[in-house]
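Please examine the sequence and the three-dimensional structure shown here. The report below is intended to be read beside them.

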Amino acid sequence: MLLEMKEITKTFPGVVALDKVSFNLKENEIHALVGENGAGKSTLIKILGGIYKPDSGEIFLNGKKVEFNSPLDAKRHGIAIIHQELMLAENLSIAENIFLGKEFGSPLNLNFHKMVEESKKYLQMLGFEIDPQTKVSKLNVSEKQLVEIAKAISSNAKIIVMDEPTATISEHETQILFEIMKELKEKGISIIFITHKLGEVYQIADRVTVLRDGKLIGTKNIEEISSEELVKMMVGREIKEMFPKYNKVQDEIILEVEDFEVIGYVAPVSFNVKKGEIFGITGLVGCGKSELALGLYGVYRTKFKKFIIDKQPLLELKSPQQALKAGIVLVPEDRKSQGLVLLLDVVQNITLPNCDIFAPSLNIKWKKATETTKKQIKDYNIKVSGEHQKVKNLSGGNQQKVVLAKFLLKKPKVAILVEPTRGIDVGAKIEVYKLINNLANSGIGVILVTSEIPEITGLCDRVMVMHRGKMIEILEKGEITPERILKAGTGLVENV
Ligand SMILES: Nc1ncnc2c1ncn2[C@@H]1O[C@H](COP(=O)(O)OP(=O)(O)OP(=O)(O)O)[C@@H](O)[C@H]1O
Ligand SMILES: [Mg+2]
């Protein structure tokens with residue numbers, strides 16, 4: 001056995017993150033690690049990577065007991081990790097990041113030229129066309145993810161761990177990554193792969209290990225387990241309905257726009273959203289759907305003939321403050337940079353953007369804020385050790401729920417949710433779907449911007465499909481099928 005982790009236990013104040021979890025990895029295998037948010041996946045990986053020390057338990061590499069006292073220790077033993085929270089040096093270039101700690105040349109005489117050339121090679125393997133001398137701070141999340149992947153494959157690791165590498169990259173890039181993973185496997189490298197997308201598990205993994213609430217539920221060969229059984233192992237119960245849908249669309253229009261243009265990004269579009277409706281916007285990466293969403297929220301420069309929200313015409317839309325005032329809320333996709341202050345606790349995060357509610361004068365009413373936060377934690381089923389836990393220490397999915405909870409406290413007229421289920425587990429996804437139904441039923445118009453086709457077919461009443469900055473068509477209820485969406489989304493339908 002290449003790697004054995006035996007009876008690993010790790011506790012944090014108030015949480016048993018791992019309770020005697022054993023995990024093993026064979027030579028030449030891709031081993032998926034799955035489980036709900038907060039199950040302990042990243043913690044197990046951080047122990048393997050020398051970031052955390054386990055309270056008890058042992059690690060063996062090729063049968064030899066090892067102990068990692070630092071990330072460097074783990075690296076020296078041939079373990080490369082792509083963490084869920086990307087760990088790039090923002091102020092360095094792509095090439096410098098890829099070769100950080102393994103630079104060419106002597107420390108006083110670095111061979112930059114060679115680093116740039118070599119970086120190009122790895123980036124090209126990933127189909128990522130970019131100058132390796134670009135600063136990492138200039139990249140968006142998916143591009144940073146690709147740099148992390150390039151960095152891991154360029155190290156001479158025997159074991160590569162990928163903690164949710166596909167959460168932020170597109171379907172197309174995911175397929176490229178899978179090809180590379182297969183090549184790495186051929187070359188004798190073993191991969192631990194964490195994902196919440198079960199389709200991916202079946203596409204790429206040889207074995208799968210399931211954790212739940214810090215405990216090992218089991219390890220299976222992929223051929224031995226159906227997806228229903230796998231979901232059951234993950235959530236501990238049978239899931240009957242993946243897409244609960246019980247919203248009632250009303251006749252009244254809550255938002256109507258005519259010839260709405262996001263200058264430089266999206267050509268004029270006209271559409272309306274009704275009270276109680278779940279209106280989808282979808283298309284491939286780069287189609288302009290996020291830009292349209294941000295435009296409707298006043299982030300980008302826009303032009304329009306008509307913009308009516310709850311019967312009130314809007315004359316201009318120049319800032320998110322104006323959008324908020326008009327009753328539009330946007331829940332952003334990149335929770336780490338746009339949604340949360342990681343170093344603050346849950347109460348502070350929920351209070352911060354809602355000072356109008358909690359601080360009518362200059363003093364923040366912490367008691368009220370704490371009470372409300374407790375209610376939000378309960379309503380949104382957020383897994384925390386207490387309302388004062390730092391957001392940094394929550395699992396990814398629970399961070400996402402805090403983002404939703406804090407934005408939706410505003411009681412908007414129109415809620416724009418951008419990729420609201422990114423990185424969250426099956427169980428939590430269903431909860432978010434219910435929440436979307438409840439939002440709609442409270443009379444809000446919900447705009448769901450997503451690249452997940454099942455979410456569109458399962459939840460939306462109508463959907464706008466975009467391609468290259470243009471609206472291709474709006475599909476009505478009976479027309480929403482994966483085929484129609486893909487056809488329009490790849491530009492195969494004439495724009496009428
Ligand atoms: N540094 C920390 N301090 C306190 N608690 C922590 C810390 N890191 C993790 N936890 C807690 O340990 C548990 C396991 O978290 P972990 O991040 O391993 O989950 P995960 O399976 O990776 O979830 P996700 O799918 O959401 O990423 C959670 O309850 C989390 O809140
Ligand atoms: Mg995690």
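This is a predicted model: local features need pLDDT of at least 70, side-chain atom pairs count only at pLDDT 80 or more; totals for chains, interfaces and linings use all residues.

Residues are numbered from 1 along each chain as its sequence is written, chains are lettered from A and ligands numbered from 1 in the order in which they are written, and side-chain values use heavy atoms, with hydrogens and water left out.

**Helix pairs**

Helices (H or I, at least four residues) are DSSP runs, numbered from the N terminus. Axes are lines fitted to C-alpha atoms over the stretch in contact, and angles run from 0 to 180 degrees between N-to-C directions. Angles under 35 degrees count as roughly parallel, over 145 as roughly antiparallel, 65 to 115 as roughly perpendicular and the rest as oblique. Contact means heavy atoms within 4.5 Å.

| Helix pair | Angle | Distance between axes |
|---|---|---|
| α4 (residues 112-125) and α5 (residues 141-154) | about 115° | 9 Å |
| α5 and α6 (residues 171-186) | about 5° | 12 Å |
| α15 (residues 396-408) and α16 (residues 426-441) | roughly 10° | within 12 Å |

With an angle of about 115°, α4 and α5 are therefore roughly perpendicular to each other. On the α4 side the contact is made by Y122, L123 and M125, and on the α5 side by A150, I153 and S154. Five of these residues are nonpolar, one is polar and none is charged; here Ala, Val, Leu, Ile, Met, Phe, Trp, Tyr, Cys and Pro count as nonpolar, Asp, Glu, Lys and Arg as charged, and the others, Gly among them, as polar.

Helix α5 also packs against α6, at about 5°, and the two are therefore roughly parallel to each other. Here S142, L146, I149 and I153 of α5 meet E173, L177, I180 and L184 of α6. This contact comprises six nonpolar residues, one polar and one charged.

The axes of α15 and α16 cross at roughly 10°, which makes α15 roughly parallel to α16. K401, L404 and L408 in α15 meet A428, E431, V432, L435 and L439 in α16. The residues of this contact are six nonpolar, no polar and two charged.

**Ligand 1**

Which residues are the closest to ligand 1? Of the 21 residues that surround ligand 1 (a heavy atom within 4 Å), the closest are N37, G38, K41, T43 and H196. A side-chain N or O atom of N37 is 2.7 Å from an oxygen atom of ligand 1. Backbone N or O atoms of two further residues also lie by oxygen atoms of the ligand: that of A39 at 3.2 Å and that of N393 at 2.9 Å.

Notes: A polar contact is a pair of N or O atoms within 3.5 Å; within protein, one must be able to donate a hydrogen and the other to accept it, and residues adjacent in sequence count only if both atoms are side-chain atoms.
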